[in-house]
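The following note is intended for a colleague who is meeting this structure for the first time. Please read the numbered points with the sequence and the model in view.

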Amino acid sequence: MSGRLLALGDIHGYTAALDAVVAAAEVGVEDTLVALGDFVDRGPDSRGTVQRLIELSSRCRLAPILGNHDEMVLSLSTGSGVGFGDWLRFGGEATLASYECTSPEQFPEEHLAFLRACLPYYEADQHFFVHASYIKELPLDKQPTEVLRWDSLRYRLPGPHCSGKKAIVGHTAQKDAQVLDLDYLKCIDTWIYGDGCLTLLDVDTGQLWQADKTGHPFPSE
Ligand SMILES: [Mn+2]
């Protein structure tokens, strides 16, 4: 297969940063772009971010992974209402504002369908990709979704996975804005919703493209 294997950290509604790193890396139709999830919440433009990802799916080989924030939106979109208050506090308020809605039940069906089609994980020849974390002894198709989407590396750092493949993860915001590189695991959530940036990684070469909230190169010159 030609094209690069690229990984994109947690976007959280910062569409300008998404546009900037995709343009800088010149993402093209041959490239596989694994988006690690948490497309929505906290930032100002969740709606624009989801729209852009839908567009990107026809401009490259997009493999979107479901994050815990995306999961919250999906479960609230079915009208369950469970956890609505918590979701608002964890960034849902900004998401509602961007959609000009009072509940995820009212979000455009195309956007909800995109989130429903997101993957629990993505596996390549020498790497695998999850939103949050994994249990090192279990094959990927046996991982609990709680661990895949919610576990923090600060709470429990897994060792190398039994498959021998290297892990690329998001979710645990790196507040020094540096990619966490343990060789067997890279975490590329570089805290765009705080003082950090959005990171796009070429998995095979290690090249990084990074942008801040406004879409300017990070770190700024
Ligand atoms: Mn997350």
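1. Of the 221 residues in the chain, 43% are buried; a residue is called buried if 20 or more other C-beta atoms lie within 10 Å of its own, exposed if 12 or fewer, and partly exposed in between, with C-beta atoms placed from the backbone. This is a predicted model, in which local features need pLDDT of at least 70 and side-chain atom pairs count only at pLDDT 80 or more, while totals for chains, interfaces and linings use all residues. Residues are numbered from 1 along each chain as its sequence is written.

2. The chain holds six helices and 10 strands; helices (H or I, at least four residues) and strands (E, at least two) are DSSP runs numbered from the N terminus. Its radius of gyration is 16 Å, close to the 17 Å that the globule rule gives for 221 residues, so the chain is as compact as a globular protein of that length. The radius is taken over C-alpha atoms, and the rule is 2.2 Å times the number of residues to the power 0.38. Along the principal axes, the C-alpha atoms fill a box of roughly 45 × 40 × 35 Å.

3. The largest nonpolar core has 55 residues; such a core is a set of buried Ala, Val, Leu, Ile, Met, Phe, Trp, Tyr and Cys residues joined through C-beta atoms within 7 Å. Helix α1 (residues 15–24) gives the most to this core, with five residues. Leu6, Ala7, Val34, Phe129 and Val130 have the most contacts inside the core. Leaving aside neighbours within four places in sequence, Ala7 is in contact (C-beta atoms, placed from the backbone, within 7 Å) with residues including Val34, Phe129, Ile188 and Val203.

4. An open sheet of mixed pairing is formed by five strands in the order β4-β5-β6-β8-β7; two strands pair if DSSP finds at least two bridges between them. At the edges stand β4 (122–123) and β7 (180–181), each with a single partner strand, so one side of each is left without a neighbour in the sheet. β7 pairs with β8 (residues 185–187) in the antiparallel sense over two bridges, and Asp181 stands opposite Lys186 in β8.

5. Leu208 is found in strand β10 (residues 208–211). Leu208 is partly exposed, with 17 other C-beta atoms within 10 Å. Not counting residues up to four places away in sequence, Leu208 touches Val179, Thr199 and Leu201. The C-alpha atoms of Leu208 and Ala25, 183 residues apart along the chain, are separated by 8.6 Å.

Methods. Contact = placed C-beta atoms within 7 Å.
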